[in-house]
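Hello,

Here is the structure for your files. My notes follow below it.

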Amino acid sequence: MIRLIYSTTESGYIGRDGKLIHRIAEDMARFKLLTQDSIVIMGRKTYEEIPLNFRPLSNRINVVLSRNEEYHQPGCIVFSSLKQAIKNLTIKYPNKDIYIAGGEAIFKEGLEHASEIYSTVIDSNEKGDAKAPMINPTIFRQAYTSESKTFYDKDRNPIRFKFVNYRRT
């Protein structure tokens, strides 16, 4: 099964300057739990934004997409396109789930392959420069919404968030 996984503000922003807009410990823990023993596909920039001490992501098959044929990262499989990665990985690992973890262009391309979307929706007015893909309600239906939760940003401001999952109809 192929899934997208991301956090987004209510206005759809997933990042700014190559980084997440908010780093929420509970969201990171959910990402870790959901993606354990699975394949995680991400673009080069997304991978390189992961702190060094967490790269490659443990207990997962790390896949990095890069158009640079010389690109290499220890502990990762590198492909030049999402289509190529999905084709090869579904053959080599037929019983593994695939999670697409960004960035923006990879999410948009991955949407056509995804059967589920795991999102964390953050009640924040902050703007970014990268957006989550638009979810067409005739293709994906909301399957789960958690209760709202609160985290505190670095300035101790409370920010609400919730987990929202979608399933292809």
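In what order do the 3 strands of the open sheet lie? The order is β3-β2-β9, and the pairing is antiparallel. Strands pair when DSSP finds at least two bridges between them; strands (E, at least two residues) and helices (H or I, at least four) are DSSP runs numbered from the N terminus. At the edges are β3 (19-20) and β9 (130-131), each of which pairs on one side only. Strand β2 (residues 13-16) is joined to β3 by 2 bridges, and R16 has K19 in β3 as its bridge partner.

On provenance: this is a predicted model, where local features need pLDDT of at least 70, side-chain atom pairs count only at pLDDT 80 or more, and totals for chains, interfaces and linings use all residues. Residues are numbered from 1 along each chain as its sequence is written, and side-chain values use heavy atoms, with hydrogens and water left out.

For the chain as a whole, there are 4 helices and 12 strands. Its radius of gyration (over C-alpha atoms) is 16 Å, close to the 15 Å from the globule rule (2.2 Å times the number of residues to the power 0.38) for 169 residues, so the chain is as compact as a globular protein of that length. Along the principal axes, the C-alpha atoms fill a box of roughly 45 × 40 × 25 Å.

Among contacts (heavy atoms within 4.5 Å) between residues at least 6 apart in sequence, 64% join residues at least 24 apart.

Regards
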